[in-house]
Amino acid sequence: MYQLRPYQDQAVKNTIRYFQKSRQPAVIVLPTGAGKSLVIAELARIARGRVLVLAHVKELVEQNYQKYRSYGLPAGVYSAGLGQKDVQQKAIFGSIQSVARASDDFFENFSIVVIDECHRVAEEGSTQYQDVISKLKEKNPEICILGLTATPYRLGLGWIYEQAPSGEIKSAKKRFFKKCVFELPLTYMIKNHYLTTPVKVDIPVTCYDFSELTDREGSYTLDEVEEILRSQKRLTPLIIKNVIDITEHYHREGVMIFSATVKHAEEIMSYLPEGQARLVIGDTEQVERDQIIEDFKRKKFKYLVNVSVLTTGFDAPHVDVIAILRPTESNSLYQQIVGRGLRLYEGKKDCYILDYTGMGHDIYAPEISERRPGKDTVPVLVPCPVCDFENSFWGYAVDGEVIEHFGRKCRGVAQDPVTFELKPCNYRFRSKICHSCGAENDITAQACENCKTVLIDADAKLKQARLSKNAHIMTPDRITFEERMGKSGSSYLEIRYYDVNGEYLSEAYFFDNPSAIKKFSINFLRSHMRRPELTVELTSPAEVIKYKVLFRLPAFVIARKQDKFWRITEKVFAEEL
């Protein structure tokens with residue numbers, strides 16, 4: 001019999017508690033090696049009806065089935081690729097391709113369906129997963145749908161669920177999976193010695209330059225990757241020599257090399273020790289692939305090269321070097337690659353992650369929903385002034401204290417304990433005010449959410465200014481604040497924006513009446529505060545100068561010619577771009 005680890009037990013309890021009140025699809029996030037099969041086993045044991053466990057490749061189906069059976073529990077397999085189509089057992093492990101073609105009788109009496117690698121489930125449309133789920137719901141409208149994944153986000157889509165266990169709204173858009181009921185960070189698994197420690201080396205001696213692909217918007221093609229590798233062909237032997245040197249010097253047991261294309265993989269193979277390397281690609285015959293993998297697990301050779309395969313459903317615990325020679329836009333794919341080397345193995349102390357792409361993916365922190373505004377920004381926690389929810393945003397911190405963040409909207413939510421209905425907080429840290437109705441909108445909104453009036457976005461402002469002879473665009477390098485005396489004897493605040501050449505644009509604010517103070521608050525404070533949620537009331541130039549550390553620079557300042565002078569008319573901040 002098996003015994004659950006504390007986090008596995010908590011995952012099961014959270015799942016039961018959720019499905020007692022809701023039948024909306026839910027997700028459990030467990031890192032590679034966290035023992036998801038034990039969670040499946042416990043859910044199957046306590047389920048009143050039958051349990052269907054789906055996976056997209058036969059390797060995962062077999063892996064989940066074998067681990068489940070190792071606990072002494074009866075189960076069946078429904079997979080043409082594995083040569084079995086069992087239908088009677090309480091727990092059935094099936095490939096989505098085979099189950100999608102099963103007869104209607106197969107779908108009887110299931111009370112829960114568990115989808116492994118559930119980030120592959122499409123949001124809508126006629127897909128095999130959606131078709132199977134529809135058939136299951138026809139037989140049992142109350143069926144529980146549970147997804148399991150280590151990477152709950154997809155390139156181009158973002159988070160695959162709407163609400164995190166903490167209550168944070170991860171996606172304002174509708175998602176198939178509504179809530180993540182349990183999430184375990186990779187750091188917990190490593191800290192508690194459930195996984196091997198990854199030792200990441202970003203640029204070991206040399207690396208490819210894929211900046212041509214990563215510095216632009218949009219995805220890239222295989223042909224473009226091929227062209228870059230062709231132009232940098234001289235680097236491949238140096239990189240492989242470095243892999244071999246590290247492997248031999250540190251007495252590594254198993255090396256997985258992830259290449260970009262078949263041509264790239266064949267070139268890599270030519271530089272590896274003869275008899276010590278094998279190659280697996282998508283076209284490798286299944287029998288041959290199985291034999292290669294089995295020989296690798298038995299340590300009959302040391303270097304396993306692959307192209308776009310073996311990122312999931314592959315379990316070789318002795319792997320202690322992961323060499324990444326392929327670019328990827330997807331942080332989730334990067335983490336799946338790294339995960340191949342993190343399983344525990346006797347005598348294994350760590351796993352070297354040799355990254356030769358220079359793309360800077362993070363092993364531990366997958367993504368924050370918004371695009372990272374700068375390479376030096378870090379995740380910071382920012383409490384909402386309305387609901388007290390702690391949001392995770394990109395920002396800057398010194399000695400643990402947040403000095404600036406780029407958050408837009410609170411992700412906190414209140415939940416009805418009976419109906420599970422979600423009521424988002426919706427407080428906006430930064431917003432774009434509609435010039436027509438005064439409503440707050442997201443800073444990148446192109447139309448007002450309230451009155452539908454078209455809003456001018458930052459790119460349009462800059463484009464219009466560049467086309468105008470009477471407009472000037474400055475990229476400010478620093479900002480200064482000075483108290484000066486006006487002709488009437490009243491003091492005012494002069495704010496100057498300097499570029500790198502020492503040229504400046506300026507604006508002035510008076511504080512001699514409530515209207516003037518309000519004007520300063522609307523035109524300057526609202527957009528310049530490093531932490532816009534802080535309540536600050538400044539009523540004199542001296543106070544502004546005293547607290548100048550609270551203010552940030554815009555990315556661009558736009559000024560327009562008025563007579564002989566330049567008047568600042570617009571400012572554009574980093575998060576608007």
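Valine 132 is buried in the predicted model, since its relative accessibility is 0% (buried means under 20% relative accessible area, exposed over 50% and partly exposed in between, with a 1.4 Å probe and protein chains only). This valine 132 belongs to helix α5, where helices (H or I, at least four residues) and strands (E, at least two) are DSSP runs numbered from the N terminus. Apart from residues up to four places away in sequence, valine 132 touches Leu54, Ile96, Val99, Ala100 and Phe107; contact means heavy atoms within 4.5 Å. Valine 121 stands 11 residues from valine 132 along the chain, and the C-alpha atoms of the two are separated by 11 Å.

Because the model is predicted, local features need pLDDT of at least 70 and side-chain atom pairs count only at pLDDT 80 or more, while totals for chains, interfaces and linings use all residues. Residues are numbered from 1 along each chain as its sequence is written, and side-chain values use heavy atoms, with hydrogens and water left out.

The protein chain contains 15 helices and 30 strands. Of its 577 residues, 51% count as buried. The C-alpha trace spans about 90 × 65 × 40 Å along its principal axes. Among contacts with a separation of 6 or more, 62% are accounted for by residues 24 or more positions apart.

Phenylalanine 551 is also buried, with a relative accessible area of 4%, but this residue lies in a loop, between α15 (541–546) and β29 (556–562). When neighbours within four places in sequence are left aside, phenylalanine 551 is in contact with Phe481, Phe524, Leu525, His528, Met529, Arg530, Leu538 and Val544. Aspartate 295 lies 256 residues from phenylalanine 551 along the chain, and their C-alpha atoms are separated by 61 Å.

Two helix pairs were examined for their packing. Axes are lines fitted to C-alpha atoms, for helices over the stretch in contact, and angles run from 0 to 180 degrees between N-to-C directions. The axes of α1 (residues 6–19) and α2 (residues 36–46) come within 9 Å and cross at roughly 45°. The two helices α1 and α2 are therefore oblique to each other; angles under 35 degrees count as roughly parallel, over 145 as roughly antiparallel, 65 to 115 as roughly perpendicular and the rest as oblique. The residues of the contact comprise six nonpolar, two polar and one charged. Here Ala, Val, Leu, Ile, Met, Phe, Trp, Tyr, Cys and Pro count as nonpolar, Asp, Glu, Lys and Arg as charged, and the others, Gly among them, as polar.

The buried residues of α9 are Leu235, Thr236, Ile239, Ile240, Asn242, Val243, Ile244, Ile246 and Thr247. These buried residues pack against β13 (254–259), α10 (262–271), β15 (303–307), β16 (319–324) and β17 (350–355). With α10, helix α9 packs at an angle of about 55°, the axes being 9 Å apart. Helices α9 and α10 are therefore oblique to each other, and their crossing is right-handed. Thr236, Pro237, Ile240 and Ile244 in α9 meet His264, Glu267, Ile268 and Tyr271 in α10. This contact of α9 with α10 is made by five nonpolar, two polar and one charged residue.

Most residues other than glycine have a negative phi. Histidine 251, which follows α9, has a positive phi near 55°. Glutamate 117 is not a glycine either, yet has a positive phi of about 50°; this glutamate is placed in the loop between β6 (110–116) and α5 (128–139). With 10% relative accessibility, glutamate 117 counts as buried. Aspartate 399 has a phi near 55°, again positive in a residue other than glycine. The loop that holds aspartate 399 runs between β19 (390–398) and β20 (401–405). At 82% relative accessibility, aspartate 399 counts as exposed.

Methods: Left-handed = near helix turned anticlockwise from the far one by under 90°.
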